[in-house]
Structures are given as C-alpha cells and as structure tokens.
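Dear colleague,

I am passing a structure on to you with this message, and below it you will find my notes on what turned up when I went through it. Please read them with the coordinates open.

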Amino acid sequence: MKTCFQRLIILCCLASLPVATAAQEADGPVVLTTTVSVQEIRPTFQHPARIEAIQTHSVRPFIRSRITAIHFTAGEVVEKGDLLAELDTTDFDIAVAEAEANLKETKANALKVSLDLDRAQRLVTSNTVSQRELEYAEAQADVSDAEVAIAESKLERARNDLAETRINAPFAGRISAPNYSVGDIIGPSDPTLPAPLADIVSLDPIYAVGAVDQANYFEFLAKRLELSERGASIPPLELHIILPGGSVYPHAGTFENWDNTATASTGTISARIVFPNPDGALLPGENVTIRGSVIDPINAPLVPQRAVSFDQIGHFVWVVGGDGGVARRNVTLGIRHEASWTVPDGLSEGDVVVVEGLQKMRPGLVVTPKPFEG
C-alpha cells in the first residue's frame, strides 16, 4: 500500500514538469536588462606614477684642490647662487700673480716694438731705413700684439680658476649630504674620486611620471587624430596626485609631454605631468597615484561594462526589442566611466540592453526582461 502511494506521488510530480517547462518556454528565459540613457558625466582615471625632479645636478669643481670649507648640511634647501663649498686658493693666487706679471712684461715689450715701428716708418721715407727693415718692424709689432693677447688670456684663465675655488649652487633645490669633508682633495672627472661633492634636485615645480602601456599610448594618438579630423580637441583634464594614505595633494598639475623614447623591456612610454611644489612636500622617488578627470562635463550614452561582449568582429551587446526578441548590436566603445562604458556609436537612448543572462543569447530568442539593479 505504501509503495503504491509513493508511486502515485512520483507520477504526479512528473506530470507537472512538462507544464512548467512549457510555461517557461512560452515566457522565454528571464534576463536582467538596463535601458540606455544619456547622462552628464565627468570621466575619470587613475594611474600609478613616480615623482621625479625636473633638474638634477652633481656638484663637482672645475679645478683640483683641497676643501677648506663646506657651507651646507644634508637635506638643506639651497637657493641659486648660494655658496656651497670653498677650496684652497694658494696655488691659484700664485697663478694669477704670475699671469699679471707676464702680462705687464709683454705689454712693456709691445710698447718698445711699437716705438721701433714708428721710428722705422719715419726713416723709410728718407731711405735711412730699408723697406725690408720696415717690414721686419711691422712683423715684430704683430708678434708683440699676439703675445699680449696670449698673456691676457692666461690671466683670464687664472682668474677664472681662482673663482672656481668657490662652488655655488646652479639652481634652487634640496641638496644631499656631502660626500667629502674639509681637508679632502677633490677635482673634476677624477677616476679615483667618482662621487660628486653632493647632488642637488630641484623641487618646484616637479614631475609626476607615469609609465603608460604602448597600446594605450597609440589608442590615445588615434583618438586625438580622430578628434582633430572632426575639428574637435581632447577635453582639458584636471590632474591631481593621490598621496600614499589616500589624501589628495592640494595643487593641480598640467600635462607636459610624452618621453622621447619607449622602454622596450616593459613596453611602456612615460608621460610627464608638472605639479607646483612650493612647500617641497613632494620628493623625487616617491610613488603616488595620478587621478585625472575631465573639467567640462560631457553627455554620453552609458551601458554597464558587463553588458558588452567581444568577438572577432568587435564589441557588441544584445538589445531586446518590443516583442521580447533579442538581436545583436555592434557598438563602438568610448571611455570608461566607473562601471560603465560610453557608447558613441551603435546605441540610442531608450534601447534595452541585456546585462545578465548573456550566455543564453542567440538571435531571435524571445526573453522575459527584468530590470537590472546593479
């Protein structure tokens, strides 16, 4: 009796299955959809970047001498022209004195030669001095003039070398710790002394450099060309730095340029953004995040990213018609905005697009759309 009752229950359950399946086929599979709407948006992006100085300088003297004084400390901010170090001037004072004496001597000799030339020029008219003697006097005058010029150059060089014993900052920036101490001998391009006296990096303004994938770089160039052919331009961007910890750097930046070469090992090209850094808060070597957003809002149709599929033909979506039938619609994607894509071509405001249930889609399939709540 119990077995017959169990069979009756199973038969009743089986009998109900075709009815449910038929009802489901009549209504079509349930899919989640969204209606395309044109919205005002300010597209944004974020990209990792590294802070770099616009100018760097290795402080080295142009002459070889002993350090007699160092006037800076590690991490100090120096101004252009500040005295950084002094070198022993003894040998250079002597060189200047010798050059001054040599110049006086050559000038005295030049005066004597000039008087001899004047005498020869007067006497040649009375045939007291031959033409050959006059030409010799003129040649001697030229030689003496050249000797004076050489002596003047040597004096100028000696004075420049003496001036080089005072090492000044070439521009404003933050200086490193000195690599030498008072009493050390330092010189230019010395293989035994490879380290500079110190390094200076400029701080204001400063670069934020992001390594951009080459594919994105060429996509940017193609988009710029497309906009140019349409008589439009790339919308101006508002660029900010997100500091480690999430705080926003208060000064906005300006895109300056792309690097002149790509990095083959990583397949990237560096983009440089200039930021004011009046307080020196940003330091070279820091890792930050660049956040950019379009200054002027734009109107664009949006679809969720998850609604867009891709195959060998390109990007496409499934659009639900008024009768519930679905059809493939090829689309052109624009920029990404949060979890959506802008679609400049292929969709119109009011189109109903499938967001979930894409694996069931085929042309002509009738579906039961329900709103996507994402």
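Two strands are taken to pair if DSSP finds at least two bridges between them. Please keep in mind throughout that this is a predicted model.

With that criterion, β21 and strand β22 (residues 340–342) pair in the antiparallel sense over two bridges, and the bridge partner of R336 in β22 is W341. These strands belong to an open sheet of four strands, with the order β2-β17-β22-β21 and antiparallel pairing. Its edge strands are β2 (37–41) and β21 (336–337), each of which pairs on one side only.

Turning to charged side chains, the structure holds six salt bridges, and I describe some of them here. R66 forms a salt bridge with D88, with the closest N and O atoms 3.6 Å apart. This pair links distant parts of the chain, since R66 sits in strand β5 (residues 65–70) and D88 in the loop between β7 (83–87) and α2 (90–123), 22 residues apart. R66 counts as partly exposed at 37% relative accessibility, and D88 is partly exposed as well, with a relative accessible area of 22%.

A salt bridge also joins the side chains of R328 and D311 (2.6 Å, N to O). Because R328 lies in strand β20 (residues 326–330) and D311 in the loop between β18 (309–310) and β19 (315–320), the pair ties together parts that are 17 residues apart in sequence. At 28% relative accessibility, R328 is partly exposed.

Strand β20 also contains R329, while D351 lies in the loop between β22 and β23 (352–356), so this pair ties together parts that are 22 residues apart in sequence. The side chains of D351 and R329 meet in a salt bridge of 3.3 Å, N to O. R329 is partly exposed, with a relative accessible area of 29%, whereas D351, at 16%, is buried, because buried means under 20% relative accessible area.

Elsewhere, E135, E138, D142 and D145 form a negative surface patch. Of these residues, E138 is found in helix α3 (residues 131–163) and is partly exposed, with a relative accessible area of 33%.

Finally, there is a backbone feature to look at. Most peptide bonds are trans, but the one from D204 to P205 is cis, with omega near 0 degrees. P205 is found in the loop between β11 (198–201) and β12 (206–213).

Conventions. Residues numbered from 1 in each chain as written. Predicted model: local features only at pLDDT ≥ 70, side-chain atom pairs only at ≥ 80, totals over all residues. Heavy atoms only, no water. Patch = residues over 30% accessible without salt bridge, like charges linked within 9 Å, V, L, I, M, F, W, Y side chains within 5 Å. Areas by Shrake-Rupley, 256 points an atom, 1.4 Å probe, with all protein chains shown as cover. Salt bridge = Lys/Arg side-chain N within 4 Å of Asp/Glu carboxyl O. Lys, Arg positive; Asp, Glu negative; His and termini not counted. Charge placed at Lys NZ, Arg CZ, Asp CG, Glu CD. Buried < 20%, exposed > 50% of the residue type's maximum accessible area, 1.4 Å probe, protein only.
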